[in-house]
Amino acid sequence: MIEHECRACRGSAGELVLDLGEQPACDYFPKYDEPGPDPVYPLQMWLCSSCGLAQLLADPTVPEEPRGAEPAALVAQAEDAVRRVAAAGLLPANGRVAEYGSPHGGSWLGLLAVRGLTPADGAEEADVILDCFGMMHAADQAAAISERAARLAPGGLLLLQYHSLDTIVRLGQWNALRHGHYAYYSTTALVAMLATAGLSPRTSWSFDLYGGTVLLAAGRDADAEPGAPARSDDTVRALLAAEKRTGITTAAALRGLQSDVTTRASALRDWLAAMREAGRAVLGYSAASRAVALLRSAGVDRDLLPAVADASPAKHGLRMPGTAIPVISPGELTARPPDAVVLFVPDLMTEVRKAYPEIEASGGEWVDADALSSRPAAAH
Ligand SMILES: [Zn+2]
């Protein structure tokens with residue numbers, strides 16, 4: 001029996017649904033010549049049996065990620081999202097907005113300013129509260145939702161954007177689990193959390209980002225017409241119905257992630273070994289947190305992957321946590337293009353192909369790390 005109190009409902013009944021074993025802190029990039037071994041910590045996902053929130057079990061790490069470069073896909077999605085929310089008539093003219101952003105960067109305030117919204121001062125009330133990948137970073141989920149609800153002005157709108165747990169399960173994205181990300185929201189569990197704060201969902205928009213990202217709009221129950229229940233529209237009902245079919249709040253639905261670990265990790269390892277065997281040079285791209293967990297689970301080190309390139313200058317001269325693999329600049333990658341570049345963040349595919357044409361111009365290819373399990377080893 002695991003001793004844990006749900007980060008949202010404080011319940012103690014739940015199950016371990018994904019165990020990645022001992023992992024280094026994915027935001028701890030040691031200097032290249034720092035010998036290690038790097039400290040490792042258990043990395044596990046726990047599912048609350050009471051409220052259905054999937055969450056990080058324990059997190060002994062201290063976040064210190066060098067802020068990464070903001071991917072073009074993220075910037076484009078923010079523009080698309082603001083356009084869609086505005087088109088729905090949900091951005092009040094001259095409204096005040098409070099943003100709870102992600103510590104990894106990216107803000108919508110500039111886009112909202114163009115629509116006439118001004119930032120609320122300090123902790124004052126706001127007509128629009130925007131949380132874009134912010135709340136997942138709160139260890140105490142109950143406190144985080146209360147804080148946001150408390151700042152919502154009468155008639156206001158809470159916009160919450162999250163990488164949906166339904167996507168994580170459907171696409172086998174087990175390496176979305178990382179230290180510092182405390183909650184993995186299904187729409188179902190999030191709606192339950194909103195209810196505890198007197199809020200209910202009104203509408204939602206879905207995006208391709210990360211394979212499936214949801215922007216959920218919620219309002220106060222007290223703002224609904226007297227006597228009428230607060231109504232959510234078809235988009236919300238469709239999300240909830242789809243999650244009911246997959247059983248997203250049940251341990252059975254999440255357990256598949258554990259077998260995805262083995263499948264993905266051995267696919268990467270086998271492919272890298274086959275490439276080495278064939279005398280073909282492979283480098284990696286993106287020192288993102290999901291690359292850390294994948295490389296570690298696959299037991300891949302410098303002999304199979306000599307370097308990982310990353311656009312963030314803050315990471316150059318460092319090495320991937322838990323391995324001896326150095327992080328290099330994109331300039332070093334394109335100076336001597338390898339036969340293949342394995343990409344750890346599929347959302348970057350369009351952007352990197354455009355930014356570094358040298359790779360394909362010299363006969364190399366970009367390979368999606370997540371698609372390797374469906375790709376025959378040594379395809380050359
Ligand atoms: Zn709970």
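User: Which residue follows H5, with a phi that is positive?

Analyst: This is a predicted model, in which local features need pLDDT of at least 70, side-chain atom pairs count only at pLDDT 80 or more, and totals for chains, interfaces and linings use all residues. Helices (H or I, at least four residues) and strands (E, at least two) are DSSP runs, numbered from the N terminus. The residue after H5, with phi near 75 degrees, is Gly198.

User: Which residues of H5 are buried?

Analyst: Buried means under 20% relative accessible area, exposed means over 50%, and partly exposed lies in between (1.4 Å probe, protein chains only). Helix H5 covers residues 187-196. Its buried residues are Thr187, Ala189, Leu190, Val191, Met193 and Leu194.

User: What covers the buried residues of H5?

Analyst: Contact means heavy atoms within 4.5 Å. The cover of H5 includes strand E7 (152-163) and helix H6 (234-246). Also included are H3, E9 and E10.

User: Which residues are the protein donors of the zinc ion?

Analyst: Donors are N, O and S atoms within 2.8 Å of the metal (3.2 Å for Na, K and Ca); water is not among the atoms, so sites may look incomplete. Here each donor is an SG atom, 2.2 to 2.4 Å from the zinc ion. The donor residues are Cys6, Cys9, Cys48 and Cys51.

User: What geometry does the site of the zinc ion have?

Analyst: Four donors count as tetrahedral if all angles lie between 85 and 135 degrees; four count as square planar and six as octahedral if opposite donors are over 155 degrees apart and all others between 65 and 115; anything else is irregular. The 4 donor atoms of the zinc ion make angles of 99 to 113 degrees. The site is tetrahedral.

User: How many residues apart are Cys6 and Cys51?

Analyst: The donors of the zinc ion follow the spacing C-x2-C-x38-C-x2-C. Cys6 sits in the segment before strand E1 (14-24), and Cys51 in the loop between strand E2 (40-48) and strand E3 (54-56). Both are buried.

User: Which residue forms a salt bridge with Arg10?

Analyst: A salt bridge is a side-chain nitrogen of Lys or Arg within 4 Å of a carboxyl oxygen of Asp or Glu. Arg10 is partly exposed at 38% relative accessibility. The closest N and O atoms are 3.1 Å apart. The partner is Asp140.

User: How many salt bridges does a search of the whole structure find?

Analyst: Side chains of opposite charge can pair when their charged atoms come close. Asp80, Arg83 and Arg84 are linked in a network. The search finds 12.

User: Which residue in helix H8 pairs with Asp303?

Analyst: Asp303 lies in the loop between helix H9 (289-298) and strand E12 (308-309), so the pair ties together parts that are 27 residues apart in sequence. The salt bridge has its closest N and O atoms 3.7 Å apart. The partner in H8 is Arg276.

User: How many aromatic pairs are found, and how is the pair of Phe133 and Tyr210 arranged?

Analyst: Rings of Phe, Tyr and Trp (its six-membered ring) pair if their centres lie within 6.5 Å; planes under 30 degrees apart count as stacked, over 60 as edge-to-face and the rest as tilted. The whole structure holds 5 aromatic pairs. Phe133 and Tyr210 are 5.6 Å apart centre to centre, with 50 degrees between the planes, and their pair is tilted.

User: Which side chain makes a polar contact with the side chain of Thr203?

Analyst: A polar contact is a pair of N or O atoms within 3.5 Å; within protein, one must be able to donate a hydrogen and the other to accept it, and residues adjacent in sequence count only if both atoms are side-chain atoms. Thr203 lies in strand E9 and is buried, with a relative accessible area of 12%. At 2.5 Å, the partner is Asp233.

User: Whose backbone oxygen lies 3.0 Å from the side chain of Asn175?

Analyst: Asn175 sits in the loop between helix H4 (165-170) and strand E8 (183-184). Asn175 is buried, at 5% relative accessible area. Among its contacts beyond four places in sequence are Ala293 and Leu294. The backbone oxygen near its polar side-chain atom, 3.0 Å away, belongs to Arg290.

Note on methods. Residues are numbered from 1 along each chain as its sequence is written. Side-chain values use heavy atoms; hydrogens and water are left out.
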